[in-house]
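Please read it beside the sequence and the model.

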Amino acid sequence: MPAIVLVGAQWGDEGKGKATDALGAQLDYVVKFNGGNNAGHTVVVGGETYALHLLPSGILTPGCTPVIGNGVVVDLAVLFEEIDGLTARGVDCSALRVSANAHVIAPYHRVVDKVTERFLGKRRIGTTGRGIGPAYADKINRVGVRIQDVFDEGILRQKVEGALDQKNHLLAKVYNRRAIGVDEIVDELLGYVDRLRPMVCDTGIELVRGLDEGKTVLFEAGQATMLDVDHGTYPFVTSSSATAAGACTGSGVPPNRIDTVIAVVKAYTTRVGEGPFPTELHDEDGQRLRQQGAEFGTTTGRPRRCGWYDAPIARYAARVNGVTDFVLTKLDVLTGWDRIPVCVAYDVDGVRHDEIPMTQSDFHHATPVYEHLDGWSEDISGCRTLEELPKAAQRYVQALEDVSGARISAVGVGPSRDDLIVLHDMV
Ligand code: IMP
């Protein structure tokens with residue numbers, strides 16, 4: 001079963017690296033299909049820690065071809081900075097493939113991201129400020145610059161002119177900022193041409209051919225289900241398709257080639273940025289989850305909002321993504337609580353909702369209906385089978401599986417790669 005999609009079930013930062021380890025499969029391709037350098041994952045290989053924002057995690061696996069698909073927005077300055085950083089540490093990045101159809105995040109996208117957030121004031125989204133939303137807005141508005149445009153100076157200039165036309169009016173007249181010159185942008189982008197050329201190809205063809213040859217392809221989603229532009233808590237979302245279907249539009253691989261959909265779900269819930277979050281804790285328990293779980297953003301360093309496990313969200317993620325397996329992460333963070341609340345439904349104005357309410361207004365004032373499970377105090381990081389876990393932790397895992405809509409196939413019990421209990425083979 002060679003095509004696997006890996007998504008986040010909640011609001012991101014579920015620990016997808018753990019799921020990649022749990023697969024234990026030899027991956028021939030790891031494909032990033034959405035988002036850009038708003039993502040952040042820390043990968044520890046051979047005692048070395050690498051913080052990646054844009055490059056797919058496969059870049060660190062010898063023999064694996066990392067692919068940046070057409071659904072990604074690429075900040076070329078960041079791309080080469082990450083490549084240079086890895087190369088300096090002895091990582092060979094020459095296998096990287098970048099889709100000619102991926103869109104470019106230009107410096108003006110970052111400027112627009114920051115000024116619009118400031119302008120929104122209390123209504124801000126809490127973006128990462130990396131220009132993600134404005135780059136996707138240009139794509140949908142049909143004024144985006146694609147990677148392939150960088151190889152044709154005439155076209156590039158035309159496209160940059162088109163993209164800056166309205167933006168400069170907006171920047172100068174509404175936001176009181178300096179207009180951005182076409183030449184400075186074109187010159188910067190042309191500066192990447194020589195290094196970019198060998199990595200750019202029709203990644204859709206390469207991936208489908210790979211699948212035809214029986215190769216194993218992992219599609220790794222950036223962000224997560226509840227941040228998906230269609231299926232998340234709009235408008236408090238990112239601007240791309242972070243759910244499983246996005247793997248197809250964002251790579252050119254058709255839906256009937258996907259075999260397995262794995263969702264990573266944390267044993268509690270976190271979110272960065274603004275937007276509804278029914279199980280959020282504003283008390284000492286929230287602080288304690290943040291400290292014990294080291295819940296601070298990899299990309300922005302922002303403290304994450306923390307709360308208890310939310311089963312309606314997990315069920316929603318199972319349905320929207322067609323989840324075949326959950327990987328439950330960070331169970332160890334819950335060690336030390338006497339009782340652990342699990343949200344099994346919501347109360348909205350006195351009415352019980354077992355699913356996420358249809359309207360965002362209702363979701364905004366949904367309060368959790370909790371069931372309380374017994375906690376455990378033993379260190380569980382050395383456990384490698386379910387039976388080795390304290391009885392209460394076993395019951396917690398089982399209870400989560402019962403309310404979450406798909407089987408739990410692996411459980412993370414500590415920060416390092418091997419701190420993992422594998423319950424079912426996923427591939
Ligand atoms: P943007 O993706 O920078 O436009 O930000 C939109 C929303 O998505 C904000 O709430 C961000 O905090 C959130 N977000 C973007 N990337 C990530 C991520 O990798 N993990 C968690 N949240 C993210």
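**Salt bridges and buried contacts**

Arg195 is partly exposed, at 40% relative accessible area; that class lies between buried (under 20%) and exposed (over 50%), with a 1.4 Å probe and protein chains only. The model is predicted: local features need pLDDT of at least 70, side-chain atom pairs count only at pLDDT 80 or more, and totals for chains, interfaces and linings use all residues. Residues are numbered from 1 along each chain as its sequence is written, and side-chain values use heavy atoms, with hydrogens and water left out.

**Salt bridges**

- The structure holds 21 salt bridges; the criterion is a side-chain nitrogen of Lys or Arg within 4 Å of a carboxyl oxygen of Asp or Glu.
- Arg195 pairs with Asp84 in one of them, at 2.8 Å from N to O.
- Asp84 sits in helix α2 and Arg195 in helix α7, so this bridge ties together parts 111 residues apart in sequence. Helices (H or I, at least four residues) and strands (E, at least two) are DSSP runs, numbered from the N terminus.
- Asp84 is partly exposed too, with a relative accessible area of 39%.
- Arg157 and Glu153 form another bridge, at 3.8 Å from N to O. Both lie in helix α5 (residues 153-174), four residues apart, about one turn of the helix.
- An α-helix has 3.6 residues a turn, so residues three or four places apart point the same way.
- Arg157 is partly exposed at 25% relative accessibility, and Glu153 is partly exposed at 44%.
- Glu355 bridges to Arg315, with the closest N and O atoms 4.0 Å apart. This pair links distant parts of the chain: Glu355 is in the loop between β17 (351-353) and α12 (360-364), Arg315 is in helix α11 (residues 311-321), and they are 40 residues apart.
- Glu355 counts as partly exposed, at 36% relative accessibility.
- Salt bridges also link Asp13, Lys266, Glu295, Arg304 and Lys330 in a network.

**Aromatic rings**

- A search of the whole structure finds six aromatic pairs. Rings of Phe, Tyr and Trp (its six-membered ring) pair if their centres lie within 6.5 Å; planes under 30 degrees apart count as stacked, over 60 as edge-to-face and the rest as tilted.
- Phe80 and Tyr192 are a stacked pair, 5.5 Å centre to centre with 15 degrees between the planes. Phe80 is in helix α2 (residues 76-88), Tyr192 is in the loop between α6 (182-190) and α7 (193-196), and the two are 112 residues apart.
- Both Phe80 and Tyr192 are buried.
- Arg288 lies over the face of Trp337, 3.9 Å from the ring centre. The test is NZ of Lys or CZ of Arg within 6 Å of the ring centre and within 35 degrees of the ring normal.

**Helix α6**

- Its buried residues are Val182, Ile185, Val186 and Leu189. They cover an arc of only 95 degrees around the axis, which puts them on the same side of α6; the arc is that of the directions from the helix axis to the C-beta atoms.
- These buried residues of α6 pack against α2, β8 (103-104), α3 (107-120), α5 and α7.

**Leu389**

- Leu389 is in the loop between β18 (367-374) and α13 (391-404). Leu389 is buried, with a relative accessible area of 3%.
- Beyond its neighbours within four places in sequence, Leu389 contacts Leu331, Ile380, Cys383, Gln394, Val397, Val413 and Ile421; contact means heavy atoms within 4.5 Å.
- The C-alpha atoms of Leu389 and Val413 are separated by 9.6 Å, and the residues are 24 apart along the chain.
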